[in-house]
Amino acid sequence: MNIENYLKNWKKRVDEKLNEHLPSEEEYPPLLHKAMRYTVLAGGKRIRPILMLTAYSLSGGHNFDEIMPVSSAIELIHAYSLIHDDLPAMDDDDYRRGILSSHKKFGEDIAILAGDALFSHAFYIIAHSHLKPILKERVLKTLTITIGNKGIIGGQTEDVLFDSSNKSPKLLRYIHSHKTASFFSASCEIGTILAGAKKDQILAARKGGLLMGMAFQIQDDILDVEGKKEEMGKEVKKDNNKLTYPSIYGTDFSKIIAKKYSSLALKQLKILEPKDETFKNIINFLIARKN
Ligand code: GRG
């Protein structure tokens with residue numbers, strides 16, 4: 001399998017759906033809708049929706065039209081987190097996905113509102129999808145725990161509160177597993193739920209996704225040290241004072257830790273792909289990526 005083509009083909013399909021699911025700029029109020037579309041449609045790897053779709057397909061799901069709204073919702077929530085993460089009160093980033101970040105383009109007020117609107121629109125899309133009520137309920141339970149105080153927001157809270165002077169590996173694991181890996185975990189898990197997979201497959205997707213997300217965030221930390229602005233689409237060396245894997249372990253050992261998480265992830269995900277290597281290829285792609 002050519003993983004680049006696999007990701008490119010899914011990204012195209014995810015992008016088409018996102019374009020459909022987002023409100024048009026003509027709808028009132030136009031500036032809000034312009035800002036919502038701006039960050040979402042600026043690019044991005046669409047890795048979370050693709051993980052959901054891959055887990056769904058490997059678990060025997062085939063009704064993609066029915067489940068695409070959930071993949072759009074996942075990407076809208078991700079875009080919302082990026083907009084808020086870039087704000088001066090958080091990471092203070094001027095660029096995202098190769099263009100000005102939302103608050104630089106539209107001002108902080110509109111960027112905050114665009115993020116908020118993407119968040120609620122994600123749930124609007126799921127509520128109006130044609131999924132069976134029981135599936136909607138299970139998806140919402142997984143998604144809301146993942147993005148809330150016990151998930152991404154909890155992780156981000158500790159991320160903004162502690163800097164690299166705090167050398168606690170436990171705190172670092174909490175931050176990375178919550179602010180980033182939890183969303184990978186939920187994306188994989190939701191794919192299996194939507195396919196009606198068995199309990200052991202759902203659990204494997206949840207655990208494997210979490211381990212993959214850890215490897216992904218460690219690579220993200222490494223790219224902040226070693227990456228190039230042009231490839232990353234945003235400033236690099238921004239995490240100098242942050243609590244990251246390189247700040248505790250250095251970049252070389254961080255690479256070894258990322259590989260370890262990748263192989264642990266693969267062990268879990270093997271249950272979903274006894275004869276397939278899609279997740280294996282995705283993981284290898286993610287830890288070798290340059291953006
Ligand atoms: C409740 C979702 C939510 C957010 C509120 C702002 C915030 C709290 C959390 C920030 C979480 C965050 C942005 C973590 C960093 C994760 C990360 C490495 C993002 C980059 O993801 P990629 O590489 O980006 O998939 P693209 O642009 O390819 O989509």
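Residues are numbered from 1 along each chain as its sequence is written, and side-chain values use heavy atoms, leaving out hydrogens and water. Because the model is predicted, local features need pLDDT of at least 70 and side-chain atom pairs count only at pLDDT 80 or more, while totals for chains, interfaces and linings use all residues.

**Pockets**

Here, a pocket is an open set of points on a 1 Å grid over the protein atoms alone, where a 1.4 Å probe fits, with protein on both sides within 12 Å along at least five of seven lines; lining residues have an atom within 4 Å of a point. Grid points are joined across faces, edges and corners, and the volume is the space filled by probe spheres set on the points.

| Pocket | Volume | Lining classes |
|---|---|---|
| Largest pocket | about 1,100 Å³ | 15 nonpolar, 13 polar and 21 charged residues |
| Second largest pocket | about 270 Å³ | 6 nonpolar, 4 polar and 6 charged residues |

In these classes, Ala, Val, Leu, Ile, Met, Phe, Trp, Tyr, Cys and Pro count as nonpolar, Asp, Glu, Lys and Arg as charged, and the others, Gly among them, as polar.

The largest pocket is lined by 49 residues, and His78, Ser81, Leu82, Asp85 and Arg96 lie nearest its centre. Helix 4 gives the most to this lining, with 8 residues. Helices here are DSSP runs (H or I, at least four residues), numbered from the N terminus.

Around the second largest pocket there are 16 lining residues, with Thr142, Ser185, Glu189, Ile202 and Arg206 nearest its centre. Helix 7 (133-147), helix 9 and helix 10 each supply at least two residues of that lining, and the largest share, 6 residues, comes from helix 10.

**Core**

A nonpolar core is a set of buried Ala, Val, Leu, Ile, Met, Phe, Trp, Tyr and Cys residues joined through side-chain atoms within 4.5 Å. The largest such core has 80 residues, and Leu118, Leu194, Met212, Phe279 and Ile282 have the most contacts inside it. Helix 4 gives the most to this core, with 11 residues. Leaving aside residues up to four places away in sequence, Leu118 touches Leu22, Met36, Val40, Leu76, Ala79, Tyr80 and Ile83, where contact means heavy atoms within 4.5 Å.

**His84**

His84 is found in helix 4. With a relative accessible area of 14%, His84 is buried, a label meaning under 20% relative accessible area (1.4 Å probe, protein chains only). Beyond four places in sequence, His84 touches Met90, Ala111, Ile112, Gly115 and Asp116.

Note on methods:
Buried means under 20% relative accessible area, exposed over 50%, partly exposed in between (1.4 Å probe, protein chains only).
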